[in-house]
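Here are some notes for a first look at this entry. Please read them with the sequence and the structure open.

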Amino acid sequence: QWMQGNHVAAAGSARFVLEHAERTDDLPLQIFGKHTLANAEHGRGRLKDAISLHRQIIETLAQHGIENQRLGWAGLPSVMSRAFLGWFLIEAGQFDDARKQIEAGCVLADAAKQPYSQVLIHAGEGLYHLRRGYPERAVPILEPTMKMCQRVFTMEAMLAAGLGTALVPGGRPGDALAVTPD
């Protein structure tokens, strides 16, 4: 529901799932519930709550020694939470903390060679450089990430927007138009 913009319903569903997962001591389901709730709260403008929930997920996964496990997800939950946390911290202007989370996520995703995780975290890495005013640093990150996302069929529009934005100040407006044709 949160991906469709129905953040209130998504938050309600996530709380329901989270309550069930806590009652049944189902850790992977708790992680899923918190992840969904965090992103729903972000959509509702509750950035501090979203940041807190993603920090909880990262801490829980680390405490249980399962940062490198997918838990049935498309990507590594630890990397996915670091990617979202990084994006949210960038929005909040907490760039140093965002950078730390993104770097930790890059290490995990690249070590696992897990494409979905790599796309998410490297998208965050490129966004970090764009928001800091260094599009020339974003381009060499976003170009291979764009190619990877086309192979794993995720986030292509977001990557194209970021890459196009980074290419223009570097004198490559034609390339920017080529990656953002639609």
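Which cluster do ring pairs link together? Ring pairs join Phe84, Trp87 and Phe88 into a cluster. The points below begin with the model itself and then return to these rings.

1. Confidence. The model is predicted. The mean pLDDT of the protein chain is 94, and 98% of the residues score at least 70. Among the parts of the protein chain, α3 has the highest confidence, at 98, and α8 the lowest, at a mean of 91. Where pLDDT is low, the predicted coordinates should not be read in detail.

2. Aromatic pairs in general. The count comes to 4 aromatic pairs. Phenylalanine 84 and tryptophan 87 make up one of these, an edge-to-face pair with 4.9 Å centre to centre and 75° between the planes. Phenylalanine 84 and tryptophan 87 are 3 residues apart in helix α4, so about one helical turn separates them. Both phenylalanine 84 and tryptophan 87 are buried.

3. A pair between two helices. Phenylalanine 95 and tyrosine 128 also form an edge-to-face aromatic pair, with 6.4 Å centre to centre and 65° between the planes. Because phenylalanine 95 lies in helix α5 (residues 95-112) and tyrosine 128 in helix α6 (residues 115-131), the pair ties together parts that are 33 residues apart in sequence. Phenylalanine 95 counts as buried because its relative accessibility is 18%, and tyrosine 128 is buried as well, with a relative accessible area of 11%.

4. The largest nonpolar core. This core has 45 residues, of which Trp87, Ile90, Ile121, Met155 and Leu159 touch the most other members. At least two residues come from each of α2 (27-43), α3 (47-63), α4, α5, α6, α7 (135-152) and α8 (156-167). Helix α4 gives the most to this core, with 9 residues. For tryptophan 87, the contacts beyond four places in sequence are Leu120, Ala123, Gly124, Leu127, Met155 and Met158.

5. The second core. A separate core of 8 residues is also found, and its members include Ala11, Leu18, Ala38 and Leu53.

6. Arginine 82. Where is arginine 82 placed? Arginine 82 belongs to helix α4 (residues 77-91). Is this residue, arginine 82, buried or exposed? Its relative accessibility is 8%, so arginine 82 counts as buried. Not counting residues up to four places away in sequence, arginine 82 touches Ile58, Glu67, Gln101, Ala104, Gly105, Leu108 and Ile121.

7. Threonine 145. Helix α7 contains threonine 145. With 4% relative accessibility, threonine 145 counts as buried. Once its neighbours within four places in sequence are left aside, threonine 145 is in contact with Val119, His122, Ala123 and Leu159.

8. Serine 13. Serine 13 is part of helix α1 (residues 7-23). Its relative accessible area is 34%, so serine 13 is partly exposed. From serine 13 to methionine 3 the separation is 10 residues in sequence and 13 Å in space, C-alpha to C-alpha.

9. Cysteines. How many disulfides does the structure hold? The structure holds 0 disulfides. A disulfide is a covalent bond between the sulfur atoms of two cysteines. The closest cysteine sulfur to that of cysteine 106 belongs to cysteine 149 and is 15 Å away, which means that it is too far for a bond. Cysteine 106 counts as buried, at 9% relative accessibility, and cysteine 149 is buried too, with a relative accessible area of 0%.

Key: Residues numbered from 1 in each chain as written. Predicted model: local features only at pLDDT ≥ 70, side-chain atom pairs only at ≥ 80, totals over all residues. Heavy atoms only, no water. Helix = DSSP H or I, 4+ residues; strand = E, 2+ residues; numbered from the N terminus. Buried < 20%, exposed > 50% of the residue type's maximum accessible area, 1.4 Å probe, protein only. Contact = heavy atoms within 4.5 Å. Phe/Tyr/Trp six-rings, centres within 6.5 Å; stacked < 30°, edge-to-face > 60°. Core = buried A, V, L, I, M, F, W, Y, C linked by side-chain atoms within 4.5 Å. pLDDT = per-residue confidence, 0-100. Disulfide = S-S within 2.5 Å.
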